[in-house]
Amino acid sequence: MEVGEYIRNLRKNEELLLRELASGLSIDQAILSKIERGERKATKEQISAISDYFQIKDDELKILWLSDRVIYELKDEEQLADKVLRVSEERIKYGKS
């Protein structure tokens, strides 16, 4: 599930209108709409604000957000994706950036 779809599900489960959530987050309704539709990437700050608004663990939404970013970067490198992810995991594990 993409982060925008997840945010839309959170909003709908709370029976909030798009404008109500946008107002609660102090962001433009059009921006939130684009985020939900996957036409715009949410910022790290917006992800934190959404997590706070719905009182969910920041990591839950941040994991989806980061995975969307990784997928976006690797979408044209499908043959290299597995190797890139393995190398990245090793570099993270051993603290080498």
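**Figure 1. Overview of the predicted protein chain.** Of the 97 residues of the protein chain, 28% count as buried. The structure shown is a predicted model. Its secondary structure comes to six helices and zero strands, and from the N terminus on the elements follow the order α-α-α-α-α-α. Taken along the principal axes, the box filled by the C-alpha atoms is roughly 45 × 25 × 20 Å. Among contacts between residues at least 6 apart in sequence, 49% join residues at least 24 apart.

**Figure 2. The buried side of helix H1.** Helix H1 spans residues 3-13. The residues buried in H1 are Val-3, Gly-4, Tyr-6, Ile-7, Leu-10 and Arg-11. These residues lie on the same side of H1, because the arc they cover around the axis is only 160°. Lys-12 and Asn-13, on the other side of H1, are exposed. The partners against which the buried residues of H1 pack are H2, H3, H4 and H5.

Figure 3. The view includes Glu-15, which follows H1 and is found in the loop between H1 and H2. Its phi is near 55°, a positive value in a residue other than glycine. With a relative accessible area of 71%, Glu-15 is above the cut-off of 50% and therefore counts as exposed. Ser-26 lies in the loop between H2 and H3. The phi of Ser-26 is near 60°, which is again a positive value in a residue other than glycine. Ser-26 has a relative accessible area of 68% and is exposed.

Figure 4. Helix H3 consists of residues 29-37. Its buried residues are Leu-32, Ser-33, Ile-35 and Glu-36. They cover an arc of only 160° around the axis, so they are placed on the same side of H3. Helix H1, helix H2 (18-25) and H4 are included in what covers these buried residues. Glu-36, a residue of H3, has a relative accessibility of 6%; this is under 20%, so Glu-36 counts as buried. Leaving aside neighbours within four places in sequence, Glu-36 is in contact with Gly-4, Glu-5, Ile-7, Arg-8, Arg-11 and Leu-18.

**Figure 5. The packing of helices H4 and H5.** Helix H4 is made up of residues 44-54, and helix H5 of residues 58-74. The two helices pack at an angle of about 145°, and their axes are 9 Å apart. Their crossing is right-handed. On the H4 side, the contact is made by Lys-44, Ile-47, Ser-48, Ile-50 and Ser-51. On the H5 side, the residues are Asp-58, Leu-61, Lys-62 and Trp-65. Sorted by class, the contact has four nonpolar, two polar and three charged residues.

**Figure 6. Ser-51 and its contacts.** Ser-51 lies in helix H4 and is one of the residues that make the contact with H5. Ser-51 has a relative accessible area of 1%, which is under the cut-off of 20%, so this serine counts as buried. When neighbours within four places in sequence are left aside, Ser-51 is in contact with Ile-56, Lys-57, Asp-58 and Leu-61. Of these partners, Asp-58 and Leu-61 are among the H5 residues in the contact of H4 with H5.

**Figure 7. The aromatic pair of Tyr-53 and Phe-54.** A pair of aromatic rings is described by the distance of the centres and the angle of the planes. The count for this model comes to one aromatic pair. The ring centres of Tyr-53 and Phe-54 are 5.1 Å apart and the ring planes stand at 75°; an angle over 60 degrees counts as edge-to-face, so this pair is edge-to-face. Tyr-53 has a relative accessibility of 33% and counts as partly exposed. Phe-54, at a relative accessible area of 12%, is buried.

**Figure 8. Thr-43 and Trp-65.** Thr-43 is found in the loop between H3 and H4. Its relative accessibility is 35%, so Thr-43 counts as partly exposed. Thr-43 and Trp-65 are 22 residues apart in sequence, and their C-alpha atoms are 8.9 Å apart in space. Trp-65 is also one of the H5 residues that make the contact with H4.

Methods. Residues numbered from 1 in each chain as written. Predicted model: local features only at pLDDT ≥ 70, side-chain atom pairs only at ≥ 80, totals over all residues. Heavy atoms only, no water. Axes fitted to C-alpha atoms, helices over the stretch in contact; angles between N-to-C directions. Helix = DSSP H or I, 4+ residues; strand = E, 2+ residues; numbered from the N terminus. Left-handed = near helix turned anticlockwise from the far one by under 90°. Contact = heavy atoms within 4.5 Å. Nonpolar A, V, L, I, M, F, W, Y, C, P; charged D, E, K, R; others polar. Phe/Tyr/Trp six-rings, centres within 6.5 Å; stacked < 30°, edge-to-face > 60°. Buried < 20%, exposed > 50% of the residue type's maximum accessible area, 1.4 Å probe, protein only. Arc of directions from axis to C-beta.
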